[in-house]
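Have the structure open and try each task before reading on.

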Amino acid sequence: MAETKSDRGPSRDYPSLSESPWGLWDLMFKRRSCRKYVPGELGAELPGELARVVALALETRGAAAESIIPVTDPGVGASLRKRSYKGFANKINVWLSRAPANAFLVMDVPQEDLNGQRPSELPKASMAMEDCVLWLTGKGFGTCWLGGVNSAEISSLMGLGSGIKVPAVVCFGSPRKAPATLSFDNFMRNALSRKRKPLTSVAYVETMQESYLPAGLSAGGFSAPQVQDVAGLLEALRDGRTGGGASLDLAVEACLEAARIAPSASNFQPWDFIVIKDAKRLEQLADLCGENTAWRAAIVAAGTPGTWTAGLFDKPFWMIDVPIALSHMSLMAASMGCGARVFTDGMDEGAINSLVRAERNVRTVGVMRLI
């Protein structure tokens, strides 16, 4: 049995369990929130490539077209960088004034969706944004999610219509290779970003009354598919392609581990994941999600609304953070050749909460099924 960890390191040596290279592992554990950059060109091919990946991620996640806007023009990026941290609440990102990161991904959603009891567009756009973050990581760029931004200033700069809000942006650029030991970036890295809750405190089995315990897994018998790049994995998810031989226990645990290391606002990790394997409960869950196919297993991803950051920044971070984890989980499933689909709307949330015996302040954000 693997020991559960409270840091960002993996709970066990997962790549050794595959008989072929399992590249997504390296990519996910390589990703860090980067606040130190050096001046550098994006490259002539990057804007076109990024635009294609953004479109693919939005399509795969069922998000609205153009709900993520890539900004790769240095002049526009410089203006966006300066205007994003205007205002008292956005001074959390004042470090941008010293960071030569002039490229961004801008998320825009309708104000009514952002303020709704259960946002629909926000979680899908958030999944797509994290897909793009991982793709940029694979290209060697440093990235950082920014939730405390001046939506009005960015909307004005980008010419967005009335009723459209910017809940978050991602800055990216060439990372500084060795940040100074005594630096804000190193403090954030050591004090916050490396701290991760262990699987046993965020994962459960069938209901939130039974904590998840890592299974006994043995090497051999599984080969990760050749396609391990994010764009290829998104295509596999979009097309419903399968072809892996991973055991159910390995597939589930790998997906949970991918969620555990996902980024979240202030690294609060406001999530819980409930693994469903019981056949009768799976049938009920599929019905509550509007599907009549046989499910191999499912993971219910839940969040806790109402943290102090939501009040300060006037946005439902739980509907951003948990979808980011769902992006990680579904890409991990695809990297193992498993068929996966994520549901974030069109489901009976109340009945699902009851099925998994969710605590009173916990709400289901999405369900990922494995077939």
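## Exercise 1: α1 and its partners

Helix α1 (residues 23–30) packs against helix α13 (residues 318–335) at an angle of about 155°, with the two axes 9 Å apart. The model is predicted: local features need pLDDT of at least 70, side-chain atom pairs count only at pLDDT 80 or more, and totals for chains, interfaces and linings use all residues. Residues are numbered from 1 along each chain as its sequence is written, and side-chain values use heavy atoms, leaving out hydrogens and water.

**Task.** Classify the packing of α1 with α13, then that of α1 with α5.

**Solution.** 

1. Axes are lines fitted to C-alpha atoms, for helices over the stretch in contact, and angles run from 0 to 180 degrees between N-to-C directions. Helices are DSSP runs (H or I, at least four residues) and strands likewise (E, at least two), numbered from the N terminus.
2. Angles under 35 degrees count as roughly parallel, over 145 as roughly antiparallel, 65 to 115 as roughly perpendicular and the rest as oblique.
3. At about 155°, α1 is therefore roughly antiparallel to α13.
4. Contact (heavy atoms within 4.5 Å) involves Leu-24, Trp-25 and Met-28 of α1 with His-328, Leu-331, Met-332 and Ser-335 of α13.
5. For α1 and α5, the angle is about 100° and the axes are 9 Å apart, so α1 is roughly perpendicular to α5.
6. Here Leu-27, Met-28 and Lys-30 of α1 meet Leu-134, Thr-137 and Gly-138 of α5.

## Exercise 2: the second largest pocket

**Solution.** 

1. On a 1 Å grid over the protein atoms alone, a pocket is an open set of points where a 1.4 Å probe fits, with protein on both sides within 12 Å along at least five of seven lines; lining residues have an atom within 4 Å of a point.
2. This pocket has 22 lining residues, with Thr-60, Leu-237, Ala-340, Arg-341 and Val-342 nearest its centre.
3. The largest share, four residues, is from β10.

## Exercise 3: α2 with α9

**Task.** How do α2 and α9 pack?

**Solution.** 

1. Their angle is about 30° and their axes lie 9 Å apart, which means that α2 is roughly parallel to α9.
2. Among the residues in this contact are Leu-56 and Thr-60 of α2, and Leu-234 and Leu-237 of α9.
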